[in-house]
Amino acid sequence: MVASAEPLSSLTLDLEVNGLRHGYYRGDAVIVCTPTGSTAYNYAAGGPVISPSTPAVALTPVAPMSSISRSVILGKDDHIVLRNPSDNVPLIFSVDGTPADPLQPGADLSIMLRTDAVDAPPPGTHGLAQAWRPAHPDFPR
């Protein structure tokens, strides 16, 4: 997740994919989600749930004010860069609840999907997948 370093402030963040600028985010935060990381936080912000069998990354804005206002789904081979375009406003980023690190003005945050980072069992082969479903009443059984 990327957010403003200043409490109660919004952020502006440029999105670049494969070397091309695709727009910007302005809002409270941007959640970066993979099929096995930050999925509940992403879902709570209105983003999609990505099947563990899908090699993708979702970028979901939190309380968007302009430009990109919906989730963007990108593939495993896409080179994703989130850039702090400000000259003087620092941002912060946190990975899976770790303490926040600064994203200084003008700095880039490169994102890539590592399909080898988690060894998860296939859906339906582990009790966790069955236990997860009732917690999400919007999903058909």
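User: Which helix does N42 lie in?
Analyst: Happy to start there. This is a predicted model, where local features need pLDDT of at least 70, side-chain atom pairs count only at pLDDT 80 or more, and totals for chains, interfaces and linings use all residues. Residues are numbered from 1 along each chain as its sequence is written, and side-chain values use heavy atoms, with hydrogens and water left out. Helices are DSSP runs of H or I with at least four residues, strands are runs of E with at least two, and both are numbered from the N terminus. Residues 39-44 form the helix that holds N42, namely α1.

User: Is N42 buried or exposed?
Analyst: Buried means under 20% relative accessible area, exposed over 50%, and partly exposed in between (1.4 Å probe, protein chains only). N42 has 0% relative accessibility, so N42 counts as buried.

User: Which residues is N42 in contact with, leaving aside its neighbours within four places in sequence?
Analyst: Contact here means heavy atoms within 4.5 Å. With those neighbours within four places left aside, the partners of N42 are I31, C33, G47, P48, A58 and T60.

User: Where does N18 lie?
Analyst: N18 is not a glycine, yet its phi is positive, at about 50 degrees. Its relative accessibility is 45%, so N18 counts as partly exposed. N18 sits in the loop between β2 (11-17) and β3 (20-27).

User: What is the relative accessible area of A63?
Analyst: A63 lies in the loop between β5 (56-62) and β6 (66-67). Although not a glycine, A63 has a positive phi of about 50 degrees. A63 is partly exposed, with a relative accessible area of 41%.
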